[in-house]
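Hi,

Here is the structure for your files. My notes on the packing follow below it.

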Amino acid sequence: FFLKIDVSLKGRFKDAFQVPDPLQVELEDGGNIRDLLSLLCNTSERSTDIFYNEDMRLKPNVTVTRNGRFIIHLNWLDTSLSDGDNVTIFTLHCGG
């Protein structure tokens with residue numbers, strides 16, 4: 001069974017990936033945010049360094065939400081996904 005997940009890439013990620021918004025991806029049942037990010041980078045044009053540091057930790061400027069909730073308040077990269085979920089990936093900017 002595969003999950004259908006709608007993924008919206010914003011800002012520099014939208015430019016880097018150049019895919020429809022939202023992009024519908026199929027992920028194996030039981031998949032999580034980490035699996036989704038790996039799937040998105042599973043091409044010759046992209047590697048996981050767009051999202052991860054050298055030690056495979058999410059870069060500080062990469063923000064991910066599932067159904068409008070920040071994954072930092074859920075189960076981080078191990079946040080499970082369900083069929084029909086909406087995931088948004090963007091860069092959070094701060095300043096004044």
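Which residues touch the most other members of the largest nonpolar core? They are Leu36, Leu40, Phe51, Leu58 and Ile89, out of 25 residues in that core. A nonpolar core here is a set of buried Ala, Val, Leu, Ile, Met, Phe, Trp, Tyr and Cys residues joined through side-chain atoms within 4.5 Å. Buried means under 20% relative accessible area (1.4 Å probe, protein chains only).

Two caveats. This is a predicted model: local features need pLDDT of at least 70, side-chain atom pairs count only at pLDDT 80 or more, and totals for chains, interfaces and linings use all residues. Residues are numbered from 1 along each chain as its sequence is written, and side-chain values use heavy atoms, without hydrogens or water.

Helix 2 (33-40) is one of the elements giving two or more residues to the core. Helices are DSSP runs of H or I, at least four residues, and strands are runs of E, at least two, numbered from the N terminus. The buried residues of helix 2 are Ile33, Leu36, Leu37 and Leu40. They fall within an arc of 95° seen down the helix axis, so they line one face. The arc is taken from the directions from axis to C-beta atoms.

Now the rings. Phe13, Phe17 and Phe51 form one aromatic cluster. Rings of Phe, Tyr and Trp (its six-membered ring) pair if their centres lie within 6.5 Å; planes under 30 degrees apart are stacked, over 60 edge-to-face, the rest tilted. Phe13 and Phe51 are tilted, at 5.4 Å and 40°. Phe17 and Phe51 are stacked, at 5.8 Å and 20°. Phe51 is buried, with a relative accessible area of 0%.

Best wishes

Terms used:
Buried means under 20% relative accessible area, exposed over 50%, partly exposed in between (1.4 Å probe, protein chains only).
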